[in-house]
Amino acid sequence: MTYDQYIAEIQSLSLMQRGQGAFGEYRGYPLYCIFSGRVQAKAVTVEVSVEGKRQTKFMRELNRSIKGLGSAAFKTSDGSVIQIQVKAADSFAVPFRQVMDRLAETAVSYGVTPPSVCPLCHRSGCDGWALLKGGYRPVHKACLEQVRDSVRASAQRNMAEGSYLTGILGGLAGGLVATIPCLLTILLLERIYALLVWLIPMGAAFGYQKCNGKRSRAAGPILIVLSIVSMFLMEYVFFVVQWSAAYGWGVGEALLTTLPFMLDPTFWIAVVQSSVTELLFLALGIAVSWKTLTSTAADEVSGVDACMETYQPRVPENAGFEDRQKEGISDGA
Ligand SMILES: [Zn+2]
């Protein structure tokens, strides 16, 4: 099936198209569809939200009933979203309706129903649906707007009041705290567990955010620098501790003796040379926590805006539903 044909059929099913997804409901079940290809696809992924216990027996029965049309599995651990690969070689609308009809019929005998509770306030009486927590779910528009407003307000506050300075101090503190496990392993086991170095960027990011660091595009590079600085400070502390032990110095004496080293480039060259492995793991840590390090306040706003985009009001009970089904069937035939 081609993408163009799919789009035409999505419209005949009264599904709302937003970006890569098509959103709507069938027999009361909110769902969204994703075309699994660019121009051509043999299957469409349909994710249906349900309410009721996660039951293996129900899933087995559902798979039996849709045999030849597709296959289903729970997408979420609580069983609230069912992911179905619907075979769509020539058409999508026809197998889609068959699969959804069988799902609705199978669901009845297992006490599985369309979802009714808003995941934001945990109350019923929803007036629409939106893509939330990995599924297309019933929601109150007011709840969505409340979330959006608070995310926007916090982003605006961060942009207005967030400070690079407090963020950097917090980030450095967090990065240094994250060096503690590393330092302890080195001191206690006299072996370098370089693996733990990857914790440092997470610590820096945590401290930066906790201390109201400004979350703009500059935050990512700042955190990378902070992580590297934290690691080298750790190496420095390591040297100080080693020398204190070797020469029987106290902490004050050791700091006074070694501080001038920090101004000496050859000292730092030696440090870099001796910490190649740690640097590699630090790079790994940065790669692992890249999303946290670089996510900006603006990204959070666009995330919640994307969720708002998928909102559509619910057609009132008993009105419209029958009509739209008839319309859909005549379109498909
Ligand atoms: Zn709500």
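The model is predicted: local features need pLDDT of at least 70, side-chain atom pairs count only at pLDDT 80 or more, and totals for chains, interfaces and linings use all residues. Residues are numbered from 1 along each chain as its sequence is written.

**Two residues in helices**

Helices are DSSP runs (H or I, at least four residues), numbered from the N terminus. R97 sits in helix α3, residues 93-109. L62 belongs to helix α2, residues 56-65. Burial is judged by counting other C-beta atoms within 10 Å of a residue's own: 20 or more is buried, 12 or fewer is exposed, and in between is partly exposed, with C-beta atoms placed from the backbone. R97 is partly exposed because it has 17 C-beta neighbours inside 10 Å. L62 has 23 other C-beta atoms within 10 Å, so L62 is buried.

Two residues are in contact if their C-beta atoms, placed from the backbone, lie within 7 Å. Leaving out residues up to four places away in sequence, L62 touches A72, L103 and T106.

Two C-alpha separations follow.

| Pair | Apart in sequence | C-alpha to C-alpha |
|---|---|---|
| R97 and L13 | 84 residues | 9.1 Å |
| L62 and I228 | 166 residues | 53 Å |

**The cores**

A nonpolar core is a set of buried Ala, Val, Leu, Ile, Met, Phe, Trp, Tyr and Cys residues joined through C-beta atoms within 7 Å. The largest has 43 residues. L31, C33, V44, V46, V48, V86 and F96 have the most contacts inside it. Helix α3 gives the most to this core, with six residues. Another core lies apart from it, with 23 residues, including L196, L199, M202 and A205. In soluble globular proteins, nonpolar side chains tend to be buried together.

L31 has its own set of partners. Beyond neighbours within four places in sequence, L31 is in contact with G24, E25, Y26, V46, E47, V48, S49 and Y136.

**Helix α10**

Helix α10 covers residues 276-288, 13 residues in total. From first C-alpha to last, α10 reaches 18 Å, close to the 18 Å expected at 1.5 Å a residue. That expected span is 1.5 Å times one less than the number of residues.

Which residues of α10 are buried? They are E278, F281, L282, G285 and I286. Seen down the axis, the buried residues of α10 fall within an arc of 150°, so they line one face of the helix. The arc is that of the directions from the helix axis to the C-beta atoms. On the other side of α10, V276, T277 and A287 are exposed. The buried residues of α10 pack against α6 (199-210), α7 (219-247) and α11 (290-294).
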